[in-house]
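This report covers helix packing in one structure.

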Amino acid sequence: MSLLALLGVLSSTIFSGTSLLYATLGEVVTERSGTVNLGLEGVLLISAATGYGVTVSTGNPFLGVLAAMLAGGLSNLVFGYLVITRKANQLASGLAVLFFGYGLSALIGKPFVGKLINSLPRYMIPGPGELPLRYTSLFKFDFLIYLVIPMTFFIWWLLYRTRWGLGLRAVGENAETAYASGRNPGMIKFQALFVGGLLAGLGAAHLSIAFTMNWAEYMTGGRGFIAIALVIFSKWHPIRAIAGVLVFSGAVAFQLLLQVSGVNVSPFLLDMIPFILTLTVLLIWGGTRKHSAPATLGRVYQGTE
Amino acid sequence: MKRLFRILTILIVAVLAISACAPQATPTAAPEAPVQPTAVPATEVPPTEVPPTEVPTEEPPCLIVGATYGGPIMDAGYNQAMHEAVVAIQENISCVEIIEAENVYDEAGATTTIENMISQGAKMIFATAYAHQYPALDLAQKYPDVIFEHVGGWEMSGNFANIFGKPPDVWYMMGVAAGMMTETNKLGFVAAFPLAWTDVFVNAYTLGAQSVNPDVQVIVAYTFGWGDSAKEAETTNSLINQEVDVISMHVDSPQTVISTAESRGVYSIGYQNLAAQQFAPEYWITGQGFTLGDKFTWLASTVIDETWEPIFLRCGLADGCMAIAPFGPKVPQEVVDKVSQVEADLESGKIVTFAGPIKDQNGEIKIKEGEVLTDDAMSNVDWFVQGVVGSPK
């Protein structure tokens, strides 16, 4: 196995893992406030289509990123209206948002199918000097990739080192107690959803504007659901999410490496490796005694009257 | 509790209603796509119909043509090629009226859409996606006065015929170009699924490349989705990391694969539509596309003068049904000359793409000396020729 192939697995993991990590961080924030958004996949699609559309229309990928973030935030607020204001069941509403996202993103993206864009500019990491393009292109990253790890630590800081984060986690553990201590659970849940939506939007923007340079219907291909699984994998902790994303994206890149190396195993089977791995880890995690999920996750806060 | 239950019921109804409207995750683009990974079975897709173009004259149209596509008509891929061919009918015969429906993913959707077109007066139907063949065939029985043309299938009846290009020969020519351009002697091929047609294309491509460069290897990797862009980008990258320096593909839209290859300074060869070239201004070699406009026009004209007959039509480069894209700026003249010489030899029969002896990856003889792989045997191919790395099934 050549050096290029091994460096390639690393590079591929970083490129495809970035959007997944943003989406996972977003879901960590919302779930920490006690809301589970199964519609994350739909939110990602809406954001990816919006971001791509704005990039095509304005020619500016940075505006596209901004638009994708806002689209993600707004979609999550729609979900918030259902589950917080209307007090609807979170799982059912999440599925409604998912299908809504399928349809709406197809509608938004339709005029931009097959259109060429200026993708996000990529900057070389400092270090390697004169190497062939095939090597240097492995480590030319866009700003969303450089930003993703600092963002993870920022979210950790936000959740664990600020009063806002304390309140958010308190609402996720026990909204009534948080209310008794003078916080407004509904408002905090809305804020968490909005921040989560912005992060999902960043992930979606990376997917369509930077990584694939394309908009296609259902292009997320289940990444929203993988992100939800990775939240459990990382035990609702932003820093551990990095490990989860590395394991999953690394497995995808690795199975492709096996495929192109001509390993004599059915490609159908190889394609399942990342999912089997995720399942296995979830099974092992599920067996541990200590529950780290927010105590009121998925429960509708009925208000304190 | 009662209230919660009521809300739940409303939501479930809403979800069902929305899911019925949402098109499904089945981008069966090409007629070469016998696998239909339908996520939700049997929900109907009301397709977005483009309203018929206004005919300025008072006279009723001489023929209303209905066309169904399996994906978006601006995908720079197969569906766009089909759309352009259908539009060409009206450009050539101005009294024809066209009704189009894109994103018709599944069979149920095709049936309702085509019936809808017939009720609007369509007397000729072009069903262009793989999944539309059997719905169209059933309707051909129900409506004997309507003419049906399906693209890329094999069924025939009194008012139902099939038309397609001849991609394998053109893939052979693409292989010649790739075999001459490669420096690493490794060519990459991104495919959606291991299907018979994909195997045939890879084989023709490999044989073409080997004819000018015996050391060449073709590495095939699958994305397992017709439109999973992120997977396409990852697959392209992993091929490039195996020192592949020419990338080709058989997926819905070539956009992501070609853009990714371009960003890594690797050559690409396009398929489905000539429009793919715009994604690789620098490292483009060439590509092939379907250009069925003239044949579609001719078929429509025979319907108008009532001489239409069911013909199993397979037409290639020489008939104008397929075209080769312009060569990229980095391609030397000798490659261009060689490809056009091979084109002439294929046309004259001096070169036959699948002429025996041909061995598979295990060295087993698949086509004997003096034999040729016939057109109808191609849909059963489940092997790769020697020199291909990857699994054919």
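Are H2(B) and H9(B) parallel or oblique to each other? H2(B) and H9(B) are oblique to each other, where angles under 35 degrees count as roughly parallel, over 145 as roughly antiparallel, 65 to 115 as roughly perpendicular and the rest as oblique. This is a predicted model, in which local features need pLDDT of at least 70, side-chain atom pairs count only at pLDDT 80 or more, and totals for chains, interfaces and linings use all residues. Residues are numbered from 1 along each chain as its sequence is written, while chains are lettered from A and ligands numbered from 1 in the order in which they are written.

The two pairs are listed below; helices (H or I, at least four residues) are DSSP runs numbered from the N terminus, and axes are lines fitted to C-alpha atoms over the stretch in contact, with angles from 0 to 180 degrees between N-to-C directions.

| Pair | Axis distance | Angle |
|---|---|---|
| H2(A) (residues 40-58) and H4(A) (residues 90-109) | within 7 Å | roughly 15 degrees |
| H2(B) (residues 78-92) and H9(B) (residues 293-304) | 8 Å | about 55 degrees |

The chain A angle makes H2(A) roughly parallel to H4(A).

In chain B, H2(B) passes H9(B) in a right-handed crossing. Residues in contact (C-beta atoms, placed from the backbone, within 7 Å) include B:Glu84 and B:Ile89 of H2(B) and B:Phe296 of H9(B).

Key
Left-handed = near helix turned anticlockwise from the far one by under 90°. Contact = placed C-beta atoms within 7 Å.
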